[in-house]
Amino acid sequence: MTKNMLSVTGGTKIFYRGTQDERRALDGLNVNLAPADFCIVIGSNGAGKSSFLNAVSGKLPLDSGRISIDGQDVTRLNAHRRAQFIARVFQDPMIGTAPTMTIGENMLLAELRGKRRGFSFGLTSARRARYSEQLAELNLGLEKRLDMPVGLLSGGQRQSLSLVMAVSTQPKLLLLDEHTAALDPRTAKLVMDTTVRAVEELKLTTLMVTHNMEHAINYGNRIVMMDAGKVLVEIGPEEKRGITVSDLIDRFHTKSDAIALQGN
Amino acid sequence: MDVFTSFYGLIPVTIAQSLIVAFVVLGVMLPFRILNFPDLTSEGAFPLGGCVCGTLIAGGVNPFLACFVALICGFIAGCSTAFIHLRFKINTLLAGILVMTMLYSINLRIMGRTNIPLFTYDTVFTLLAGALANLPWVKILIVGILILLVVAAMLYFFMSEKGTSMRAVGASPDMAEAQGINVGTATIIGVGAASALSATGGSIMVQTQGFADVNMGFGILINGLAALIIGEAITGRQTILRQVLAPVVGSLVYYQLISFCLTLGLAPADLKFATGAFVLLMLALPNLRKSGGGFAVREKVRE
């Protein structure tokens, strides 16, 4: 058996436990990803997709269950401790970057993700040169604007920057939280293409939450379909090739009808 | 021309005073602008620094050591405010008011009375300049060099790896956390350092004015805020250099303005109202310019 890069076992998170408003955000979630898996997470609103990502990133501590990354148990690590393994691109371009800081400073923050930060000077000329090189691959001209505050960039530019920041440090796990949802279709496509190129080139183990069925079909090698805090359908690499949107929707309905029939 | 000669005569004294208050303005700027943590602890940390330093000097302690102890006490006060906010989710302003209020009793307890005269004791100024210590220009030189060192150190720090991450905490806490920065620790240390600056200002102030008083620095926070706003209007905030220079520039200009208004005949009793009105105007200005009625969108700060 190959070693899992990400393994979530029995992940459970219940909000307002014991009250009328009790809500099971995650209900015995089991997900295993092999190294270099690119897993797409889909599901309707409230299915637990964001909770899943937040549980993995450490933002949402589990009530029970275990999470391990590359064989190391991280269940009890805070979000900022887990950052040494995980890079994340948020849905909101405003959150994923520090708007009042410059492009160069944002790159610096990302480069030192999960590393010890010292008192030495931050943006050295060697670093600036390296950041310019990394940003030049985006073809957005950002490499010439290292000293520009990120807040002046467009949403698409900021998401592209976030992506470079996330992948440039070879994270063990890349979390993409509907990172193209807030962009116009053309920019979304651009960011998505950059994402795929980076993920494939660097063989990053990736979890991508999306509402876009086309994305689920076209990208990645695995699909996890969530409902009520559980994995409803899991589609592996062999099965995923050649799958269509209607196949996906059928699988979803068959499964949820089956559950409904069992009176669950 | 009488007004101008008397204003002119006051310039050196005012510069000396504004350089001391510049410590407090730096202490107001750091949480407010860098950490996005509106903090009121300065109002209590400034007299705390003064009271601790005054009590120690009157007790025969070396003035340099007394200043250092005052700094540490200020640091602890600031850390407490940040901790109260982070641990108990109490609004930053309320946490500051709580600490500031409690500090008043602590300051009284430390001094054991409301006022300690220090005229007969050695201060850092008499140790450094001997008989010349009371000349305003000597004070300007000593405090000026000190504030220059502090500004240079802050500038370097905020461009270092650690300082960059502290700024990230204020700019975007979610992003900072995702980059592996401990938001809580950075906030506590940052707010602590800010109050340490205010307390240092207080400790220098008592040595120049020759006494420590539990009521010293009443309203210093609003003065500091006014100075910061003036400074930022002059230097701008685009780069970290400008942001760090703003408090010092603002303090120098603000106290000259005050001194000018007083010599023109502004009653000292009206000073706090005038300062408050000025700060209000400056904070309201961006929203006044916007067309359309209704309430302005709340400024995005941590609560």
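This briefing walks through some helices, strands and loops of chains A and B. The model is predicted, so local features need pLDDT of at least 70 and side-chain atom pairs count only at pLDDT 80 or more, while totals for chains, interfaces and linings use all residues. Residues are numbered from 1 along each chain as its sequence is written, and chains are lettered from A and ligands numbered from 1 in the order in which they are written.

**Annotated spans in chain B**
- An unreviewed UniProt entry marks residues 6–30, 64–84, 90–106, 141–159, 180–204, 216–235, 244–265 and 271–288 of chain B as "transmembrane region"; positions follow the numbering used here, feature names are shortened, and annotations may be inferred rather than shown by experiment.
- Residues 6–30 of chain B are 100% helix and 0% strand, with 35 Å between the end C-alpha atoms.
- Residues 180–204 of chain B are 88% helix and 0% strand, and here the end C-alpha atoms lie 38 Å apart.
- Helices (H or I, at least four residues) and strands (E, at least two) are DSSP runs, numbered from the N terminus.

**Helix H2 of chain B**
- The 17 residues of H2(B), residues 42–58, should span 24 Å at 1.5 Å a residue, which agrees with the 24 Å between its end C-alpha atoms; the expected span is 1.5 Å times one less than the number of residues.
- Of these 17 residues, 16 are buried (20 or more other C-beta atoms within 10 Å of the residue's own; 12 or fewer is exposed, in between is partly exposed, and C-beta atoms are placed from the backbone).
- After H2(B) comes Gly60(B), with a positive phi near 90°.

**Strand S9 of chain A and its partners**
- S9(A), residues 222–227, has 5 of its 6 residues buried.
- Strand S3(A), residues 38–43, runs parallel to S9(A) and is joined to it by 5 bridges (pairing takes at least two DSSP bridges between two strands); Cys39(A) has Arg222(A) as its bridge partner.
- S10(A), residues 230–235, pairs with S9(A) in the antiparallel sense, also over 5 bridges, and Ile223(A) is partnered by Ile235(A).
- The hairpin of S9(A) and S10(A) has 2 residues between the strands, and Ala228(A) in the turn has a positive phi of about 50°.

**Two loop residues with positive phi in chain A**
- Asp70(A), not a glycine, has a positive phi near 50° and sits in the loop between strands S4 (64–69) and S5 (72–73).
- Asp70(A) counts as partly exposed because it has 15 C-beta neighbours inside 10 Å.
- Lys203(A), not a glycine either, has a positive phi of about 50° and lies in the loop between helix H7 (185–202) and strand S8 (206–209).
- Lys203(A) is exposed because 12 other C-beta atoms lie within 10 Å.
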